[in-house]
Amino acid sequence: MSQATANNRRYTLIGAAFLTIFALLLVWYYTTAFLRKPAPPTINARLLVAQDQLFDVFFNATGGGWVVGGHGLIVHSPDGGKSWAAQRSGTFAGLSAVSFADEVHGFAVGQDGTILTTSDGGRSWTSRPSSVKEALLSVQAISPDDAVAVGAFGELVVTSDGGKTWTSLQMAWDKLVPELTKEMGPVDPSLNGLWFENPHMGWIVGEFGLIMRTGDAGQNWTVQRYGSSMPQLYVIKRAGDGSLWTAGQHGSLLHSIDGGKTWKEVSVGVSNDDFYSLSFDGRQGTLVGNNGLVFTTDDSGTSWRRMTGFPADVWLSGVTMQHSPAVAVGEAGSIFYFRPGAEPCRAFSPGCGG
């Protein structure tokens, strides 16, 4: 072999080695650049847009907050609403409700029977199997282990192991609402809202003005109110004085001071709009609905005052008083902070913060 031939072979081997190394570097670059999971983005006005629908909000006692909405959206604030960041829900199903038992143990529910749980404050959410096929509309975390969720067509599910497994409780509607079934035939009323004092005692509200109470963790129910022409009720909560309040369609607002045995209708001058959410913190409470509807009370509901400053073309579907200022969420990616008697401000607008 001539010296020239040997040199050419050496140069060929060196060139091939260089190309191999270059190709490996390209593979490494594109792998790290495009496959690496990015950090959750900070939520700002460009990320919460008019197409985002927010359905529920929850804050715990230490200032941690969560908002859920359409297409599996979950956003979290670790600092009382001063900043927000997205959390990966792992689903594209719409999420209608969220509730936490403490700083880390939480539950979210939504479309097609979707159930999510977290035990680390939402840094990771786990999808849980259930027999539910219909939309779940409300959930309450009673303890880190115990939670209850309700939904469309009479869906009612409970867990006692932190959400790992869920039991569906079936309702005998023909016995619970006999006049209704006699008048309308077989029914499966939508169950829209719930309030549990503990794992055993709680209330559920829903379609046909339905109000039910259990004292044995949902094994048996007493129907306290219903009627074929009654508006739907969407939410039920307890005020600081121990009384119960529920609200819903056509400005429906009802009050009970005897554990729900009797209910009194309360008028706040609204009949064409609907109330979707209600929250109390001691004697202070807030009621929100469609068309920017917001009412507040500072005497456990003895008197209600309408707040101004909310957009009339935006519905509000979630509110919490477990935070100062109060927080309401709703249509068009809206998060509002407000104090009773003061003008609300919309999150991410100049000078507005939690």
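Good morning, colleagues. I begin with a cysteine: Cys345 has a relative accessibility of 26% and therefore counts as partly exposed. Please bear in mind that the model before you is predicted.

What does Cys345 form with Cys352? The two form a disulfide, with their sulfur atoms 2.0 Å apart. The structure holds 1 disulfide. The link of Cys345 and Cys352 is right-handed, with 70° about the S-S bond.

I turn now to the aromatic residues. The structure holds 12 aromatic pairs. One of them joins Tyr234 and Tyr276 in a tilted arrangement, at 5.7 Å centre to centre and 55° between the planes. Tyr234 belongs to strand 17 (residues 233-238) and Tyr276 to strand 21 (residues 275-281), so this pair ties together parts 42 residues apart in sequence. Tyr234 is partly exposed, at 21% relative accessible area, and Tyr276 is partly exposed as well, at 27%.

A further pair is that of Phe310 and Phe338: the ring centres are 5.5 Å apart and the planes stand at 85°, so the pair is edge-to-face. Phe310 sits in the loop between strand 24 (305-306) and strand 25 (316-320), while Phe338 lies in strand 27 (residues 334-338); the pair therefore ties together parts 28 residues apart in sequence. Are these rings buried or exposed? Phe310 counts as buried, at 9% relative accessibility, and Phe338 is buried, with a relative accessible area of 2%.

Finally, I draw your attention to one aromatic cluster, formed by Phe58, Trp66, Phe100 and Trp125. Thank you for your attention.

Methods
Residues numbered from 1 in each chain as written. Predicted model: local features only at pLDDT ≥ 70, side-chain atom pairs only at ≥ 80, totals over all residues. Heavy atoms only, no water. Disulfide = S-S within 2.5 Å. Buried < 20%, exposed > 50% of the residue type's maximum accessible area, 1.4 Å probe, protein only. Phe/Tyr/Trp six-rings, centres within 6.5 Å; stacked < 30°, edge-to-face > 60°. Helix = DSSP H or I, 4+ residues; strand = E, 2+ residues; numbered from the N terminus.
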